[in-house]
Each structure stands twice: as structure tokens, then as C-alpha cells.
Amino acid sequence: MSNQRGTTRDERFAHGLEVLDSVDGEAGRRVVDSLADISPELGHQIVAWGFGEIYARPQLAPRDRQLVTLGMLTALGGCEPQLEVHVNAALNVGLTPEQIVEALLHSAGYCGFPRALNATFVAKKVFAERGLLPAGERPADGAPASP
């Protein structure tokens, strides 16, 4: 559903909320709810535009959108709260912990080690909360990871 004539502000928000729930789950709702007393319009725009218009576009699968998002948030730096939401979202849309770790490792070459480290520690926190540690990474020689 794009922002077409005939759709109301409330309809765009409702559609965006469906997409938000399917991608971010409760974490996304908490972010929007946390804006209610300071900038409800920002919350509305995140839902209606960010999720209803952008995330809902069919040209990229949700898992691919999350890979892009993880890379951009890592590159920006200082986005650890948003990274936490999007690491959870990446797991929700089918990325494995190993794929997430690999994407963050890949980012080191483009974003630098400090940003890759910060993003990886956010992923570690999320994985721990979800009972997904150790992440099952294998050394380059293919041998099982040491305990």
C-alpha cells in the first residue's frame, strides 16, 4: 500500500503498524510508545512512512532490508539502541546469528573496527537475551569452534 489518494492518515498508520509488528515485534511498538509524550508525530511518521511506505515495498525482502539496515546503523555509529531493535528484527525475519555476525564482521572493512565492535557487542547482548550464544561461528579452516 503506497501513499495513494484515498488512503487516510489513519489507514497509512494502521498499515505501517502491521508491517512494524511483523518485522520488529514488541521492540518496535516500545520505540513508538516511548515517543508519545515528546513527539507523537515522529512516532506516527516512523510507522506510517518508515514502515508503511518504505519497509512495505516489495523490491527487497525483509531479511535483505535488515542486512542493509544493520550495515547502515553500524556505519553511522552511536546507534546502539536502534541496532538492538534491528538485530532482533533481523532474527525475526529469518537471518541467523551467524549471518548477522558475518555482516557485522564484513562492516569492519568499510566502517572500521570500533564501529564493528560496538555493533557486534549489541548483537551479543541480543543473542544472550534470546538464548542464542554461542553464535556457532566456525574458524576459517572449517573446524568446529572451540568451547
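At what angle do helix 1 and helix 3 pack, and how far apart are their axes? Helix 1 and helix 3 (residues 40-55) pack at an angle of about 75°, with their axes 7 Å apart. Axes here are lines fitted to C-alpha atoms, for helices over the stretch in contact, and angles run from 0 to 180 degrees between N-to-C directions.

This is a predicted model, in which local features need pLDDT of at least 70, side-chain atom pairs count only at pLDDT 80 or more, and totals for chains, interfaces and linings use all residues. Residues are numbered from 1 along each chain as its sequence is written, and side-chain values use heavy atoms, with hydrogens and water left out.

**Overall fold**

- The chain has seven helices and zero strands. Helices (H or I, at least four residues) and strands (E, at least two) are DSSP runs, numbered from the N terminus.
- Along the sequence the pattern reads α-α-α-α-α-α-α.
- Of the 147 residues in the chain, 35% are buried. Buried means under 20% relative accessible area, exposed means over 50%, and partly exposed lies in between (1.4 Å probe, protein chains only).

**Helix 1 against helix 3**

- Helix 1 and helix 3 are roughly perpendicular to each other. The classes are set by angle: under 35 degrees is roughly parallel, over 145 roughly antiparallel, 65 to 115 roughly perpendicular, and the rest oblique.
- Helix 1 contributes R9, R12, F13, H15, G16, L17, V19, L20 and V23 to the contact. Helix 3 contributes E41, G43, H44, Q45, V47, A48, F51, G52, E53 and Y55.
- By class, this contact of helix 1 with helix 3 has nine nonpolar, six polar and four charged residues. Ala, Val, Leu, Ile, Met, Phe, Trp, Tyr, Cys and Pro count as nonpolar, Asp, Glu, Lys and Arg as charged, and the others, Gly among them, as polar.
- G16 sits in helix 1 (residues 9-23). At 0% relative accessibility, G16 is buried.
- Leaving aside residues up to four places away in sequence, G16 touches V47, F51 and G52.
- G16 and Q45 are 29 residues apart in sequence, and their C-alpha atoms are 9.3 Å apart in space.

**Helix 4 against helix 5**

- Helix 4 (residues 62-76) and helix 5 pack at about 160°, with axes 10 Å apart. The two are therefore roughly antiparallel.
- Their crossing is left-handed. A crossing is left-handed if the near helix is turned anticlockwise from the far one by less than a right angle, and right-handed if clockwise.
- The contact uses Q66, T69, L70, L73 and T74 of helix 4, with Q82, L83, H86, V87, A89 and A90 of helix 5.
- Six nonpolar and five polar residues make up this contact of helix 4 with helix 5, with no charged ones.

**Helix 5 against helix 7**

- Helix 5 (residues 80-92) and helix 7 (residues 113-129) pack at an angle of about 55°, and their axes are 9 Å apart. That makes helix 5 oblique to helix 7.
- The crossing of helix 5 and helix 7 is right-handed.
- On helix 5 the contact residues are E80, L83, E84, V87, N88 and L91. On helix 7 they are N118, A119, V122, A123, K125, V126, F127 and E129.
- The contact of helix 5 with helix 7 divides into eight nonpolar, two polar and four charged residues.

**Salt bridges**

- Side chains of opposite charge can pair when their charged atoms come close.
- The whole structure holds five salt bridges. Each is a side-chain nitrogen of Lys or Arg within 4 Å of a carboxyl oxygen of Asp or Glu.
- D21 pairs with R29 in a salt bridge, with the closest N and O atoms 2.7 Å apart. D21 is partly exposed at 32% relative accessibility, and R29 is partly exposed at 30%.
- D64 and R63 form a salt bridge at 3.1 Å, N to O. D64 is partly exposed at 28% relative accessibility, and R63 is partly exposed at 30%.
- E129 forms a salt bridge with K125, their closest N and O atoms being 3.0 Å apart. Both lie in helix 7, four residues apart, about one turn of the helix.
- K125 is partly exposed, at 38% relative accessibility.
- A network of salt bridges links E84, K125 and E129.

Terms used. Contact = heavy atoms within 4.5 Å.
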